[in-house]
Amino acid sequence: PISSSDSLQTMIASASVPFHSASLYVGDLAADASEGLLFEIFNTVGPVASIRVCRDAVTRRSLGYAYVNFHNVSDAERALDTMNYTLIKSKPCRIMWSQRDPTLRKSGVGNVFVKNLDASIDHKALFDTFSLFGNILSCKVATDETGQSQGYGYVHYESEEAATDAISKINSMTICDKEVYVGHFVRRTERSGQSDWTNLYVKNFPAEWDESNLRKTFELYGAITSCKVQPLRISIKPKAEETVGAKEATSAAQEAMDEAKHTRHDAGEELPPSVARSGSTATSIDVNSGESASPTEVSAFGWVNFEHHDSAVAAIEALNGASELPQKESGSTIHLKAPLFVGRAQKKS
């Protein structure tokens, strides 16, 4: 017979072992990778219970990632071990355990930042290098729109001990003739001089909104000192002679956008402040100016300044990326044409 003390010890031991469901996150998918295709691929490993490709609520276009649910954990483990970084529609997929509970992602425990990577280092090479030190929850090299490496990446370990070991062993090591930097990932809000901002940049809300609508949406997260909606403008593609400047501005914002994508899925972070700059890289004209613009796109944006920093952070975490905005007064829901962007406002240099 098993005593009560033995049962207690067993429960404690079990609690210390990380729990994995039979659900996998599959990222970096091609836009036309469907549920049917993924079922055919993953069902060769073991019986698949369900597959869901995540899509935009309005356009129904793929967001580039999916969840694959197996009946058995052992099949999910085998898929993770044998299919990570295999090609699906000519793109290497990135597989990791599904982390539905955001607690681990938001804690930042075990999260490592790597920079000065050689252009030849891809997701798999980064994974192979860092997997020597512990179980990896997610691993990614930041890339631009063409798939070229940006020279930095992220590795999220299951334990802080594994992350510390990797940092001590690999930091300043030469990989592909380049000395890499490896350190703990630090959220922007925790970096020096980054913990006192209160002003937010907001875009993609309904074009008919005024300051009153914007204030009602954001005042749920704290006292607001000021609120401003920019008069409606139309974005147009830059002319040929303007593309050089536009590319430079886009490149400056790309690193922050890549970090945002990573931290949003893997580390539970709010979008980095620099991303706010990306909203101003396109040329724009007044709606009523009479100038022709092809193609055109309506874009509403504005600013919200909170009284306290914590309120601004809470608003970003709750509203950034939202496709729907519930209205408490009317009980209705506003469906946005594009996900709402909420990030730290930047001062002009």
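The legends below describe close-up views of salt bridges and cysteines in a predicted model.

In this predicted model, local features need pLDDT of at least 70 and side-chain atom pairs count only at pLDDT 80 or more, whereas totals for chains, interfaces and linings use all residues. Residues are numbered from 1 along each chain as its sequence is written, and side-chain values use heavy atoms, with hydrogens and water left out.

**View 1. R94 and D28 form a salt bridge.** A salt bridge is defined here as a side-chain nitrogen of Lys or Arg within 4 Å of a carboxyl oxygen of Asp or Glu. By this rule the structure has 7 salt bridges. In the pair of R94 and D28, the closest N and O atoms are 3.4 Å apart. The pair links distant parts of the chain, 66 residues apart: R94 belongs to strand β6 (residues 94–97), and D28 to the loop between β1 (23–27) and α2 (35–42). Helices (H or I, at least four residues) and strands (E, at least two) are DSSP runs, numbered from the N terminus. R94 counts as buried, with a relative accessibility of 3%, and D28 is buried at 18%. The terms are set by relative accessible area: buried means under 20%, exposed over 50%, and partly exposed in between (1.4 Å probe, protein chains only).

**View 2. K140 and D28 meet in a salt bridge.** The N to O distance between these side chains is 4.0 Å. K140 lies in strand β8 (residues 136–143) and D28 in the loop between β1 and α2, so the pair ties together parts that are 112 residues apart in sequence. K140 and D28 are both buried. A network of salt bridges links D28, R94 and K140.

**View 3. R55 and E35 form a salt bridge.** Here the closest N and O atoms are 3.1 Å apart. Because R55 lies in strand β2 (residues 48–55) and E35 in helix α2, this pair ties together parts that are 20 residues apart in sequence. R55 is partly exposed, with a relative accessible area of 27%; E35 is also partly exposed, at 28%.

**View 4. C54 and C93 are shown as buried cysteines.** The relative accessible area is 6% for C54 and 1% for C93. A disulfide is a covalent bond between the sulfur atoms of two cysteines. The criterion applied is a pair of cysteine sulfur atoms within 2.5 Å. A search of the whole structure finds 0 disulfides.
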